[in-house]
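Morning, everyone. I have one structure to show and a few minutes to do it. Let me put it on the screen.

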Amino acid sequence: MIKIILAEGHNVVRNGIKALLEKENDIEVIAEAGNGEKVLELLKEGHNPDIIITAINMAPVTGFELLTRVKQSHPQIKVIILSRMDGIDNILHAFKAGAAGYMLKSIEAVELIYGIRHIAATNERYLCNEVALTLLDKLLQSAVSNSNIDAANIDMSNREIEVLSLVSQGFTNQEIADKLFTSKRTIESHRQNLVEKTGTRNTAALIRYAVLNRIIG
């Protein structure tokens with residue numbers, strides 16, 4: 001049996017999710033709360049869920065605050081964020097804080113149940129399909145926008161490619177200069193030339209461009 005505490009500030013939404021979960025023979029909602037503060041009280045009272053499902057926008061303790069405090073005091077409890085927000089900042093914030101899953105409230109019931117079971121049975125994180133596809137689209141758009149100069153038309157010298165490879169490995173200008181027996185200023189010049197030739201804005205974008213266009217491995 002997968003034991004769940006459900007935290008959601010809107011009663012109608014919370015009741016709907018609870019009714020959906022309780023249709024499953026292997027899932028039990030052992031407690032529910034309208035905010036993160038109540039969840040923390042439930043844990044202090046001895047409730048011991050396998051999973052906490054929480055919204056983000058709650059007061060006085062938000063879903064993110066709840067996530068952070070639960071992972072500090074009860075690291076064995078897995079926390080799923082169930083939100084309307086699909087912004088990458090929220091998703092990264094959640095997973096960096098220790099979330100086991102991030103799903104949208106628009107998710108189909110079958111995927112919600114699948115995600116809960118997957119998280120309960122494994123130590124793997126789960127990102128719902130809709131969010132995963134949205135992030136993939138953004139990544140593809142970013143790749144296109146940063147690759148609008150055809151690599152085939154860029155004339156790079158062997159030395160520039162050598163510098164680019166070392167840059168991608170994290171070496172500083174001085175370290176690269178030492179390896180290639182040249183001056184730091186020369187390496188800085190090579191890096192600036194590479195940025196200008198590829199139309200990228202900074203070193204991170206330059207490396208991404210080089211990898212996407214298979215200039216470096």
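Start with a helix pair: α7 crosses α8 in a right-handed sense. Keep in mind that this is a predicted model.

Now the geometry. Helix α7 covers residues 158–168, and helix α8 covers residues 173–180. They pack at an angle of about 130°. Their axes lie 10 Å apart.

Which residues of α7 and α8 meet? From α7, we have Arg 159, Glu 162, Val 163, Leu 166 and Val 167. From α8, the partners are Ile 176, Lys 179 and Leu 180. By type, the residues of this α7–α8 contact are 5 nonpolar and 3 charged, with no polar ones.

Next pair. Helix α9, residues 184–198, packs against helix α10, residues 203–212. The angle here is about 65°, and the axes are again 10 Å apart. The crossing of α9 and α10 is left-handed. On the α9 side, the contact uses Arg 191, Leu 194, Val 195 and Thr 198. On the α10 side, Thr 203, Leu 206 and Tyr 209 take part. The residues of the α9–α10 contact split into 4 nonpolar, 2 polar and 1 charged.

On to the cores. How many residues does the largest nonpolar core have? It has 47. Leu 21, Ile 52, Ile 53 and Ile 116 have the most contacts inside it. Strand β1, residues 2–7, gives the most to this core, with 5 residues.

Leu 21 then contacts Ile 4, Ile 27, Val 29, Ile 53, Leu 112, Ile 113 and Ile 116.

There is also a second, separate core, of 9 residues. Among them are Leu 194, Val 195, Ala 210 and Ile 216.

Last stop, Ile 77. Where does Ile 77 sit? In the loop between α3 (63–73) and β4 (78–83). Buried or exposed? Ile 77 counts as buried, because its relative accessibility is 0%. Not counting residues up to four places away in sequence, Ile 77 touches Leu 43, Pro 49, Asp 50, Ile 51, Ile 52, Val 70 and Lys 71. One of these, Ile 52, is among the residues with the most contacts in the largest core.

One distance to finish. Ile 77 and Ser 106 are 29 residues apart along the chain, and their C-alpha atoms are separated by 24 Å.

Notes:
Residues are numbered from 1 along each chain as its sequence is written. This is a predicted model: local features need pLDDT of at least 70, side-chain atom pairs count only at pLDDT 80 or more; totals for chains, interfaces and linings use all residues. Side-chain values use heavy atoms; hydrogens and water are left out. Axes are lines fitted to C-alpha atoms, for helices over the stretch in contact, and angles run from 0 to 180 degrees between N-to-C directions. Helices (H or I, at least four residues) and strands (E, at least two) are DSSP runs, numbered from the N terminus. A crossing is left-handed if the near helix is turned anticlockwise from the far one by less than a right angle, and right-handed if clockwise. Contact means heavy atoms within 4.5 Å. Ala, Val, Leu, Ile, Met, Phe, Trp, Tyr, Cys and Pro count as nonpolar, Asp, Glu, Lys and Arg as charged, and the others, Gly among them, as polar. A nonpolar core is a set of buried Ala, Val, Leu, Ile, Met, Phe, Trp, Tyr and Cys residues joined through side-chain atoms within 4.5 Å. Buried means under 20% relative accessible area, exposed over 50%, partly exposed in between (1.4 Å probe, protein chains only).
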